[in-house]
Amino acid sequence: MAIVGSRRPSPYGEAVAEQLAADLARAGVIVISGLALGIDAAAHRGALVAGGVTVAVMGTGVDIVYPAAHSRLAEEILAAGGALVSQFPDGTAPRRHNFPARNWTMAALSDAVVVVEAAERSGALITAEAALDLHKEVMAVPGSVFSPLSVGTHCLIRDGAALVQNARDVLAALGATQEVLDDPLAPPPSLGVSLPRGRDGILSHLSDVLALNAAEIARKLQLPVSEVLGRLTALELDGAVRRHEDGYVRALRNGQKRA
Amino acid sequence: MFGSVQSCLLVGFDVRTVEVQADIAHGEVKFFLVGLAATSVKEARERVRSAIKNSGLEFPGQRLTVNLAPAELRKEGSALDLPIAVAIALARAGKRPPPHTAFMGELALDGSVRHVDGILVAARGLRMLGFERLFVPAADAAEASLVDGLAVTPCATLKGVVDHLLGIAAIEPYVSGGSEAMSDPGLWEHDLAEVHGQEEGRRALEIAAAGGHHLLLSGPPGAGKTMLARCLPGILPPLELDEALEVAQVRSLLGELQGRGPLDWTRPFRAPHHGVSMAGLIGGGSGLAQPGEISRAHHGVLFLDELAEFQAPVLQALRQPLETGRVAITRSAGSVSYPARFTLVAATNPCPCGWAGDSIRSCRCTPGGIDSYQRRLSGPLLDRIDLKVGVRRVKLETLASEPTGEGSAPVRARVVAARRRQLDRQDCLNCQLKPARLRKLAGLEPASRRALERWSEQKGLTARGFHRAWRVARTAADLEGSDHIGENHILEALGYRLQDIAA
């Protein structure tokens, strides 16, 4: 199962990719992606969090991790029993024209491709195209109609790609009969992390999708920003929220504990 | 016939005494100047000869030798003109100068005494070396009189000085107007009351001001980063006496103190453009290095707008002063060290186009572009920054309404109180606490320690980052008037470490 998408996703896309990968991995699916920034990394990470096996199909030689910042991720993939795969000889440096070929390989290795957030001319669409040529299933996760990152995915859906809301949709398309773990439309029974009292007031104000900064939350709660910032840090340490450059979102990662 | 007087030379902030000896002997009429004099000092011969003649004094028509001791020290500048002329006059008269007295000043051809740079630095240094009286150009008397325990004689003309020394007509000692009590400048160009929203940025600014921590503001263009930074001087307390003198010393070296009245108590705020050269920012120039922007910002604020646009080597050179509060510059003419204990406030866009992470406008940069842009702010530099805060654009409808935030005055009161606590406890600001003293003076409760350790582990903090977060927490506690660093203080401090958030 390949999960691909934008190298610069929104917090929403990243969260979806991670959650989807985690749930699929838990169902025994091997998650394939391209070790790139953004959606690719989120997919690998999600699979790892769920203790699953994930395969990175690289556009460089297997001895060169690109981007270099992902060398730790690559090590974790190997440590978890996954693999780094490349069609290029050792020592091949990142070259623009190698990546479309890599995308093709990724499609060939998978039974289906899920696209999460792709702008108009995203490389992820090459993977989708390749999958169609190879008669593999192509699926896409819808996004906000305001976001340029939804253009590619919505286009795929319009052209007949299956719409993916959760891992259940993906498994159904794969013909798996397994009952699935997590339905994002159902209210979560609990957040999965035990939160000290007094902190949960903040969580309910946070979104999974839109980053809010401490000042905005403080304004909503009528609390001093220093206190809110401290509480957010505590939540971040517990893994309940995640911080981005422009603010905080609720972390979906604890689906792991929810299941 | 022999005469000698004391003078001094400046090597950066160091003062070296120079003895100027004059000997008049029988022989061919000639004027020798020896003792490793650079060109600017060799020229003194011509100035001194004319000045003596035009003052109505007699230039010795014999063999004249002037020696500048110690001979191994290279002499530069024009401040030795007056001491040379005085030594010659005393040699002729067979007189000795008063004890513990030094002379400085440049001579004009007509015998008047002209300004020289660095009088304040010299005066402080000479006082520490045990000098009690200093003859300075009249223009610089106010500057010299800032030093306690040093009698200042203002010199208008060479004739006046010689008459004074020979007991013909005394010069009135300079009486300073007294260093005014710390006057509160009161009005600042920018007040926090004008800032819309930005609660997080304001709070970070307050912490930076209270503990002397370095702050980086990151956000899209027009979000108000510059506005916030410019509010910082208005929430800082005025300089202490020692600090004011050190600030004035830097200005004195640069010749900027001339004609200024009493001490300036306002903290410096320097905002060099991002095109600034290494020499301009750090210090440099030909010969002995001159102080740069970082030394002009000593005890004040150095504001670097568009941090990522500065040349990389220039930013790298900031690392040493950020850590030690001093900068050492070596040139062929010698090595000097200047103070540079400033609070760094920097602003940067998140990406080249500036709009990454903005809620409305989308960013047009490639991931590689963003990566290389952010990589210009090297890890080691970011590691020396205590607080990194994201600044978001304020919604337009808010901009039209009256801002509701606190003004600078109450914030300043809290900052002053927090600084007082620090100085009473440890005699320095929290940002200067060494790890050993930090452990002693800012012990962590188990819960606080655990939070800090968990964060370090999760984010891979360096030892330096670990201690910086700890110091910020100490300041947050000081702002609250608390002796103990609570878990909430640590957690808040960690909340200002946006630099730890990996992509």
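These are my entries, chain by chain.

I'm working from a predicted model, where local features need pLDDT of at least 70, side-chain atom pairs count only at pLDDT 80 or more, and totals for chains, interfaces and linings use all residues. Residues are numbered from 1 along each chain as its sequence is written, and chains are lettered from A and ligands numbered from 1 in the order in which they are written.

**Chain A.** I looked up the secondary structure and found eleven helices and nine strands (DSSP runs numbered from the N terminus, H or I of at least four residues for helices, E of at least two for strands). Of its 259 residues, 51% are buried, meaning 20 or more other C-beta atoms, placed from the backbone, within 10 Å of their own.

**Chain B, domains.** I noted domain 1 (2-165), domain 2 (192-426) and domain 3 (433-503); such bounds come from an automatic or database domain assignment. The C-alpha centres of domains 1 and 3 of chain B lie 55 Å apart.

**Chain B, helix 21.** Is helix 21 (residues 487-495) of chain B mostly covered or mostly open? I found it mostly covered, with nine of its nine residues buried, among them B:His489 and B:Leu491. I saw that the cover includes helix 9 (214-221) and helix 10 (225-237) of chain A, along with helix 19 (446-459) and helix 20 (463-480) of chain B.

**Chain B, helices 7 and 17.** I checked how helix 7 (residues 199-211) packs on helix 17 (residues 408-426) in chain B: the angle is about 35 degrees and the axes are 8 Å apart (lines fitted to C-alpha atoms over the stretch in contact, angles running from 0 to 180 degrees between N-to-C directions).

Key:
A residue is buried if 20 or more other C-beta atoms lie within 10 Å of its own, exposed if 12 or fewer, and partly exposed in between; C-beta atoms are placed from the backbone. Two residues are in contact if their C-beta atoms, placed from the backbone, lie within 7 Å.
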